[in-house]
Amino acid sequence: MSHTASTLFAGLSCTDVSDAMDRLGIVGQCLGIMPLDRSFRLMGRAWTLRYGPVGLDAGSVGDYIDELGPDQVVVLDNQGRMDATVWGDLLTSTASRRGVAGTVIDGVCRDVDRALEVNYPIFARGNWMRTGKDRVRVEATGEPVSIGGVRVEAGDYLLGDGDGIVTVPAPRIGEVVAVAREIAEAEERIRASIGEGVSLREARKRHGYHSLQTRRSTS
């Protein structure tokens with residue numbers, strides 16, 4: 001699909017997309033991965049990297065950032081490790097300068113103040129100061145990774161906001177966005193009815209709220 005992630009996801013929230021994926025039977029809600037700042041918003045396509053623990057060869061944490069740019073999200077699978085960071089000040093500064101869409105980490109980052117200073121969106125399990133250098137090494141890039149228990153493949157779409165991160169498999173993006181917009185518009189009509197004095201019970205009934213996220217039969 002030629003559209004950028006920011007165009008596809010314009011006006012949609014993570015909850016809209018999450019509800020759409022529930023209806024379509026797609027698992028895409030990345031558990032425990034949250035923004036460093038609630039104002040951060042992220043939209044882009046996954047560039048994936050998987051880390052593993054070092055062995056006899058310490059390996060490298062990677063100098064990949066110089067090759068990335070707009071509409072790409074750095075997706076780092078550090079197996080949920082909380083004791084070794086895989087993202088910090090220099091990566092943030094370079095990514096921000098190159099217009100990278102943001103970073104998602106199943107693990108922790110550091111140098112939070114720099115990300116806040118340049119408004120670079122990072123979604124992670126938290127932050128801690130201890131470096132991953134000589135503790136973790138690059139195992140693979142461009143391969144499927146696990147983020148918050150969800151499989152993410154290179155090129156998949158990611159949306160992040162104050163509620164967390166959702167990822168949409170690239171082959172399903174069109175139908176997910178269409179259903180998400182349907183849900184968002186229905187909820188907007190419900191809010192409008194409430195604003196006119198209609199009870200929540202009646203507004204939900206009137207606009208079919210209780211079936212919005214329900215998986216539909218394919219028969």
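Reply: Contact, a word needed throughout this answer, means that heavy atoms lie within 4.5 Å. Helices (H or I, at least four residues) and strands (E, at least two) are DSSP runs, numbered from the N terminus. This is a predicted model, in which local features need pLDDT of at least 70 and side-chain atom pairs count only at pLDDT 80 or more, while totals for chains, interfaces and linings use all residues. Residues are numbered from 1 along each chain as its sequence is written, and side-chain values use heavy atoms, with hydrogens and water left out.

The chain as a whole gives the setting. It contains 6 helices and 12 strands, and 46% of its 219 residues count as buried, a word that means under 20% relative accessible area, whereas exposed means over 50% and partly exposed lies in between (1.4 Å probe, protein chains only). The accessible surface of the chain comes to about 10,900 Å², with 48% of that belonging to carbon and sulfur atoms; such areas come from the Shrake-Rupley method with a 1.4 Å probe, and for residues only the protein chains shown count as cover. Among contacts between residues at least 6 apart in sequence, 76% join residues at least 24 apart.

The part to examine is helix α2, which runs over residues 14–24. Since 9 of its 11 residues are buried, α2 is largely enclosed by the rest of the structure. The buried residues are Cys14, Asp16, Val17, Ser18, Asp19, Ala20, Met21, Arg23 and Leu24. What covers the buried residues of α2 includes the strands β1 (29–30), β11 (157–161) and β12 (164–168), together with helix α5.

Of these neighbours, α5 (residues 173–195) packs against α2 at an angle of about 115°, with the two axes 8 Å apart. Here the axes are lines fitted to C-alpha atoms, for helices over the stretch in contact, and angles run from 0 to 180 degrees between N-to-C directions. The crossing of α2 and α5 is right-handed; a crossing is called left-handed if the near helix is turned anticlockwise from the far one by less than a right angle, and right-handed if clockwise. On the α2 side the contact is made by Asp16, Val17, Asp19, Ala20, Met21, Arg23 and Leu24, and on the α5 side by Glu175, Val176, Val179, Ala180, Glu182, Ile183, Ala184 and Glu187. Sorted by class, this contact holds 9 nonpolar, no polar and 6 charged residues, where Ala, Val, Leu, Ile, Met, Phe, Trp, Tyr, Cys and Pro count as nonpolar, Asp, Glu, Lys and Arg as charged, and the others, Gly among them, as polar.

Ser18 has its place in α2, and with a relative accessible area of 14% it counts as buried. Leaving out residues up to four places away in sequence, Ser18 touches Gln29 and Val166.

The helix is followed by Gly25, whose phi is positive, near 75°. Most residues other than glycine have a negative phi, and most peptide bonds are trans. Elsewhere in the chain, Asn119 has a positive phi of about 55° although it is not a glycine. Asn119 is found in the loop between α4 and β6, and because its relative accessible area is 53%, Asn119 is exposed. Asp134, also a residue other than glycine, has a positive phi near 70°; Asp134 lies in the loop between β7 (126–127) and β8 (136–141), and with 47% relative accessibility Asp134 counts as partly exposed.

Leu76 has its place in strand β4 (residues 72–81), and because its relative accessible area is 0%, Leu76 is buried. Again leaving out residues up to four places away in sequence, Leu76 touches a list of residues that includes Leu49, Tyr51, Trp87 and Ile147. Leu76 and Val145 are 69 residues apart in sequence, yet their C-alpha atoms are 7.9 Å apart in space.

To return to the part you asked about: α2 is largely enclosed by the rest of the structure, because 9 of its 11 residues are buried, and its cover includes the strands β1, β11 and β12 as well as helix α5.
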